[in-house]
Amino acid sequence: MNAKPLLFFVVIAALLWSWAVEAAPIRVRLMEGNFRGFVVLKSLDGAAIAYGEVCQKATGDLVECRTILRFTDGSLYDESATFSQKDVFRLEAYRLVQHGPSYPTLEASFDRGSGQYKARSQAEKDDKQEVASGTFEMPADLYNGMALVLLKNLPGGAGATVHMAVFMPEPRLIEMEWSWEGEDEVMLGGRPLKTMRSLVKLEIGGLTGVIASLLGKSPPDLRYWLVTGDVPAFVRFEGAMFLNGPVWRLELTTVEWPK
């Protein structure tokens, strides 16, 4: 048997493969509330490619966190996660919209209450759109769109393994392995501040992960920086924002006053 038929049968086996998901939700150490902040997305050479904001709104027992990035080339990234925070963080609903020259087109959403998902994707401009919907079994430790919330609630030096969903366009669970990689120093008005650098490894389970590695499409590592203290503060993200995408850097910024 030559390599192509063998790869075909392995891929089919991967699509039929399932593995046990062990739920490990993150306990609430710091309650989330209302805030709004502004961010800039840069390439690694320092050029600004998008501006946007991160905002949270708490209503009763639920908190909605939303990140919007508007690119200089007209692309849009709009992600929102609604979660509860009684004893442990629990993702209740999620929606992601991304399109434009900087992104493969994707619109996806799911809701824990209904147990349903919807997704529409298009890898390239001239490709046929793929549409999928149906039932989605969501583990207790599913945390799309909640990276900064989780980081602030991990005890210093502690790691965790949780799950997120990626859409192909059907949802597939992958593992997020969080660990603290080291310390760095930043300056604020000439005063040094210590930051903790978090490493996030994304792992595709089962035979699908083997195929992804063989095809050179394993998810890239991500890094987050938080200023330490009683209330940790996010200052930087670095990594790809979609599979095989370029490495970008997200940082806090402020508004510009007219001259």
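# Questions about the model

Visitor: In which strand is glutamine 98?
Guide: Residues are numbered from 1 along each chain as its sequence is written, and side-chain values use heavy atoms, without hydrogens and water. Strands are DSSP runs of E with at least two residues, helices are runs of H or I with at least four, and both are numbered from the N terminus. Glutamine 98 belongs to strand β5.

Visitor: Is glutamine 98 buried or exposed?
Guide: Buried means under 20% relative accessible area, exposed means over 50%, and partly exposed is in between (1.4 Å probe, protein chains only). The relative accessible area of glutamine 98 is 4%, so this residue is buried.

Visitor: Which residue has its backbone oxygen 3.0 Å from a polar atom of the glutamine 98 side chain?
Guide: Contact means heavy atoms within 4.5 Å. Leaving aside neighbours within four places in sequence, the contacts of glutamine 98 are Leu76, Tyr77, Tyr103, Pro104, Thr105 and Leu106. The backbone oxygen at 3.0 Å is that of proline 104.

Visitor: How many salt bridges are counted?
Guide: Side chains of opposite charge can pair when their charged atoms come close. A salt bridge is a side-chain nitrogen of Lys or Arg within 4 Å of a carboxyl oxygen of Asp or Glu. Glu181, Asp184, Arg197 and Arg223 are linked in a network of such bridges. By this rule the count is 14.

Visitor: Which residue forms a salt bridge with aspartate 78?
Guide: The N to O distance in this bridge is 2.6 Å. The pair links distant parts of the chain, strand β4 and strand β3, 12 residues apart.

Visitor: Is arginine 249 buried or exposed?
Guide: Arginine 249 and glutamate 238 form a salt bridge, with their closest N and O atoms 2.8 Å apart. Glutamate 238 is in strand β13 (residues 233–240) and arginine 249 is in strand β14, 11 residues apart. Since its relative accessibility is 18%, arginine 249 counts as buried.

Visitor: Which side chain makes a 3.2 Å polar contact with the side chain of lysine 152?
Guide: A polar contact is a pair of N or O atoms within 3.5 Å; within protein, one must be able to donate a hydrogen and the other to accept it, and residues adjacent in sequence count only if both atoms are side-chain atoms. Lysine 152 lies in helix α2 (residues 147–153). Not counting residues up to four places away in sequence, lysine 152 touches Arg29, Leu30, Glu32, Leu226 and Pro232. The 3.2 Å partner is glutamate 32.

Visitor: Which residue is joined to methionine 168 by a cis peptide bond?
Guide: Most residues other than glycine have a negative phi, and most peptide bonds are trans. Aspartate 87, in the loop between β4 and β5 (88–99), has a positive phi of about 70 degrees although it is not a glycine. The cis bond has an omega of about -5 degrees. It joins methionine 168 to proline 169.

Visitor: What is the area of the nonpolar patch made by Phe38, Val255 and Trp257?
Guide: Patches are made of residues with over 30% relative accessible area and no salt bridge; like charges are joined within 9 Å, and nonpolar side chains (Val, Leu, Ile, Met, Phe, Trp, Tyr) within 5 Å. Tryptophan 257, in the segment after β14 (247–253), counts as exposed because its relative accessibility is 75%. Accessible areas come from the Shrake-Rupley method with a 1.4 Å probe, and for residues only the protein chains shown count as cover. The patch area is about 370 Å².

Visitor: What is the mean pLDDT of the protein chain?
Guide: A pLDDT of 70 or more is reached by 85% of the residues, and the mean is 86. Over residues 1–23 the pLDDT is below 50, and this stretch has 25 contacts in the model beyond near neighbours in sequence. Where pLDDT is low, the predicted coordinates should not be read in detail. The chain mean, again, is 86.

Note on methods
Predicted model: local features only at pLDDT ≥ 70, side-chain atom pairs only at ≥ 80, totals over all residues. pLDDT = per-residue confidence, 0-100.
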